[in-house]
Amino acid sequence: MHPLLFVLGIPLLGSLLLAFTGHRPVARAVNVAVSFATLLAAGTLTADVVARGPTFAWGREFFIDPLNVFLVTLTAFVGFTTAVFSRPYMQVELAHGKMTAPRLRLYHSMYQLFLGTMLFALTTNNLGILWVAMEAATLATVLLVSVYRTAASLEAAWKYFILCGVGIAQALFGTVLLYMAAGKLLGSSGGALLWTNLEAVKGSLDPDIMALAFAFLFIGYGTKVGLAPLHNWLPDAHAEGPTPVSAVLSGLLLNVALYGILRCKVLADGALHNHLASGLMMGFGLLSVVTAAFFLWRQKDVKRLFAYSSIEHMGLITFAFGMGGPIANFAGLLHMTVHSLVKSAIFFAVGHAAQKAGTQAMDGIRGLITVSPTVGWGLMLGSLAILGLPPFGVFASEFLILTTAMREQAWATPFLLLALGVAFAAIFARVQPMVFGETSVRRLPHPPALLPVFAHLGLGLMLGLYIPPYLNAWYAQAARLLGG
């Protein structure tokens, strides 16, 4: 039995089970157990691919290679640690009246469905199924963002649904155009949408149709990445949804959407023999970095602050992949990994801080180092890590991106340096008083469970000092596959 069956089946079965039992006290433990089982299945799949190389499943409809195998493992790992975090977090939300039993059932069920659809999107070889999985993830996310049923959360969910719905419609049109280009070479069978078939004939695809197809695919999936100027949904969704949802949105969904763009870029580069795809990615990536950096100064809500930080970092990653080449692609993959780990850790710490303070407004959160030293240090170390302070992994990936830009895209380097400097000043100036400011709030009698925070930060630190050989080999293989 192929291990991919368990990777995809466990979260979907878990979603069905929690749809009936998600309101019971045991549901929080079931959510953790299902997420852990998914992680074990992902680890088994990864070991299988490492031992045997790229593999197909169920004919050729699903395909695992060095580009998606590490993202599958990363998605399962962050999904598990977020489930661990959400267990006590949701208990407090229930006690405070923000969650009810029906909402808790919806949350647990949609959380597993969300993970399942992202794993489907990552592992499918069929670009049509990729689109369907991304649309399903969108619908699951709408329900997760709106789970509090407040006016603000419903508005955020509606904005997310409209903007990402329009974006995903553009991606559908791009997929149809891609099918048209492939149909001339591969016939009108379902094989015309299989990425491996398209990759084999990419040099013969109609360049005019492919140029238009990539433009629509980039706009469509770029909306879900949160690239400016299509980013307006992201800060609201982060601020109004539950904190565990913010963690998986920043840590996982943005990566999966960017993965879809990367698969399409490989085809566009082979068909067009020009720099259209690279230029679009560099241009919108740089615009996102600069836009987000200056918007950081205007934020008063701590979750919106780090939502704009996610836009900044996804823009930087997109810019790196736009430059292409082995070093920039390697740096982009490394940055995807460390950003997922560190940003989700930050949201874990922010969730505990906001629960204790009773507000997400940064002016209302002070003296975390006194109230709860573990929360305070978790937020401060996470902020320093995401700002690129050495020796965290974000510094290593940003250093590679910047040095590559200096050599290959010198015109962009001043903008990148300016934006990163502005972002550093904006975030540090706001986090420092939240952690070290004066407060009259009494210290928590018991420290909150922050193992996921420091586990993620520890991995982020390790990747700045040492990349294990097998992980380095994945990155190198994936970087070569992306070309550029």
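Visitor: Let's start with charges. Which side chain does Asp236 meet in a salt bridge?

Guide: Asp236 pairs with Lys159, at 2.5 Å from N to O. The two are 77 residues apart and link distant parts of the chain, with Asp236 in helix H9 and Lys159 in helix H6. Do keep in mind that this is a predicted model.

Visitor: Is Asp236 buried or exposed?

Guide: Asp236 is buried, because its relative accessibility is 14% and the cut-off for buried is under 20%.

Visitor: What about Lys98, who is its partner?

Guide: Lys98 forms a salt bridge with Glu93, and their closest N and O atoms are 3.8 Å apart. Lys98 is partly exposed, with a relative accessible area of 37%, whereas Glu93 is buried, with 2%.

Visitor: Changing topic. Which residues form the nonpolar patch on the surface?

Guide: The patch is made of Leu139, Trp158, Phe161, Ile162 and Val166, and together they have about 470 Å² of accessible area. Helix H6, residues 151-186, gives the most, with four residues.

Visitor: Where does Leu139 sit, then?

Guide: Leu139 is in helix H5, which covers residues 127-145. Leu139 is partly exposed, with a relative accessible area of 40%.

Visitor: Now helix H19. What is its reach from first C-alpha to last?

Guide: H19 covers residues 469-482, so 14 residues, and reaches 20 Å, close to the 20 Å expected at 1.5 Å a residue.

Visitor: Which of its residues are buried?

Guide: In H19 the buried ones are Leu471, Trp474, Tyr475, Ala478, Ala479 and Leu482. They are on the same side of H19 because they cover an arc of only 130° around the axis.

Visitor: Why would residues three or four places apart point the same way in an α-helix?

Guide: Because an α-helix has 3.6 residues a turn.

Visitor: And which residues are exposed on the other side of H19?

Guide: Pro469, Tyr470 and Arg480 are exposed there.

Visitor: What do the buried residues of H19 pack against?

Guide: They pack against several helices, including H2 (27-52), H3 (66-95), H10 (243-272) and H18 (451-465). H12 (302-323) and H13 (326-357) are also in that list. Just after H19, Gly483 takes a positive phi of about 65°.

Visitor: Let's visit H13. Which residues is Leu341 in contact with, leaving aside its neighbours within four places in sequence?

Guide: Leu341 touches Leu74, Phe77, Val78, His456, Leu459, Gly460 and Leu463. Leu341 is in helix H13 and is buried, with a relative accessible area of 3%. Leu341 and His456 are 115 residues apart in sequence, but 5.1 Å apart from C-alpha to C-alpha.

Visitor: How about Ser309, is it buried or exposed?

Guide: Ser309 is buried, at 0% relative accessibility. It lies in helix H12 and, leaving aside neighbours within four places in sequence, Ser309 is in contact with Leu296, Lys343, Ile386 and Ile427.

Visitor: On to the backbone. Which residues does a cis peptide bond join?

Guide: One joins Ala228 and Pro229, with omega about 5°. Pro229 lies in the loop between helix H8 (207-225) and helix H9 (233-240). Another joins Pro390 and Pro391, with omega about 10°. Pro391 is in the loop between helix H15 (373-386) and helix H16 (393-408).

Visitor: Last one: what is phi of Trp58, and of Arg149?

Guide: Phi of Trp58 is near 55°, a positive value in a residue other than glycine. Trp58 sits in the loop between strand E1 (55-57) and strand E2 (62-64), and is partly exposed at 44%. Phi of Arg149 is near 60°, also positive in a residue other than glycine. Arg149 is in the loop between H5 and H6 and is partly exposed at 39%.

Definitions and conventions:
Residues are numbered from 1 along each chain as its sequence is written. This is a predicted model: local features need pLDDT of at least 70, side-chain atom pairs count only at pLDDT 80 or more; totals for chains, interfaces and linings use all residues. Side-chain values use heavy atoms; hydrogens and water are left out. Patches are made of residues with over 30% relative accessible area and no salt bridge: like charges are joined within 9 Å, nonpolar side chains (Val, Leu, Ile, Met, Phe, Trp, Tyr) within 5 Å. Accessible areas come from the Shrake-Rupley method with a 1.4 Å probe; for residues, only the protein chains shown count as cover. A salt bridge is a side-chain nitrogen of Lys or Arg within 4 Å of a carboxyl oxygen of Asp or Glu. Buried means under 20% relative accessible area, exposed over 50%, partly exposed in between (1.4 Å probe, protein chains only). The arc is that of the directions from the helix axis to the C-beta atoms. Contact means heavy atoms within 4.5 Å.
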